[in-house]
Amino acid sequence: MEQRFCRKCLLSENDPAMYEMVRREIDRMSDKMRVGEEQYRKRLDICRQCDRLSGGTCLACGCYVELRAAAVHTACPKKKW
């Protein structure tokens, strides 16, 4: 079966190998550098609805949204969160 590219999906839903790399970076963040799980999920829900999301990447800035959403001192480049 051929794997299809999902534009509105996050890396965790679309590219498990790349997500694993991003997840390792998130896990390396100290607790005070990482947002809580509830805030993380809220940020990702906003990203899922954004027209700038493409396969887990933000087209406004080029980041992996799952990594940006996890960090305390980051913000959406479109000021959505």
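A residue counts as buried when its relative accessible area is under 20%, as exposed when that area is over 50%, and as partly exposed in between. Keep those cut-offs handy for this tour of a predicted model. Our opening example is K8: its relative accessible area is 32%, so K8 is partly exposed.

**Stop 1: K8**

Select K8 and look at where it sits: in the segment before α1, the helix that covers residues 11-14. Now show what surrounds K8. Leaving out residues up to four places away in sequence, K8 touches R48, Q49, C50, D51 and L53. Along the chain, K8 and G55 are 47 residues apart, yet their C-alpha atoms are separated by 6.0 Å.

**Stop 2: the whole chain**

Zoom out and switch to a cartoon view. How many helices and strands can you find in the chain? There are 4 helices and 2 strands. Turn the model around and picture a box along its principal axes: the C-alpha atoms fill roughly 40 × 25 × 20 Å.

While you are zoomed out, think about contacts too. Take those between residues at least 6 apart in sequence: 63% of them join residues at least 24 apart.

**Stop 3: the surface**

Of the 81 residues, 33% count as buried. Next, colour the charged side chains. You will find 17 positive and 12 negative ones, and the centres of the two sets lie 7 Å apart.

**Stop 4: the nonpolar core**

Hide the surface and go inside. In soluble globular proteins, nonpolar side chains tend to be buried together. The largest nonpolar core here has 19 residues. Which of its members touch the most others? Select Y40, L44 and V65 to see them.

Setting aside neighbours within four places in sequence, Y40 is in contact with R23, I26, V35, E66, A69 and A70.

Now move to V65, which you will find in helix α4. Is V65 buried or exposed? Its relative accessibility is 5%, so V65 counts as buried. Display its contacts, again without residues up to four places away in sequence: L10, L44, C47, L53, G56, T57 and C58.

**Stop 5: the loop between α2 and α3**

Select D31 and then K32. Both D31 and K32 lie in the loop between α2 and α3. With 63% relative accessibility, D31 counts as exposed. K32 also counts as exposed, at 70% relative accessibility.

Two more distances can be drawn from here. The C-alpha atoms of D31 and V72 are separated by 9.5 Å, although the residues are 41 apart along the chain. For K32 and N14, which are 18 residues apart along the chain, the C-alpha atoms are separated by 29 Å.

**Stop 6: K79**

Finish by selecting K79, in the segment after α4. Is K79 buried or exposed? At 73% relative accessibility, K79 counts as exposed. Check its backbone as well: K79 has a positive phi of about 60°, although this residue is not a glycine.

Notes: Residues are numbered from 1 along each chain as its sequence is written. This is a predicted model: local features need pLDDT of at least 70, side-chain atom pairs count only at pLDDT 80 or more; totals for chains, interfaces and linings use all residues. Side-chain values use heavy atoms; hydrogens and water are left out. A nonpolar core is a set of buried Ala, Val, Leu, Ile, Met, Phe, Trp, Tyr and Cys residues joined through side-chain atoms within 4.5 Å. Buried means under 20% relative accessible area, exposed over 50%, partly exposed in between (1.4 Å probe, protein chains only). Contact means heavy atoms within 4.5 Å. Lys and Arg count as positive and Asp and Glu as negative; His and the chain ends are not counted. The place of a charge is taken as NZ of Lys, CZ of Arg, CG of Asp or CD of Glu.
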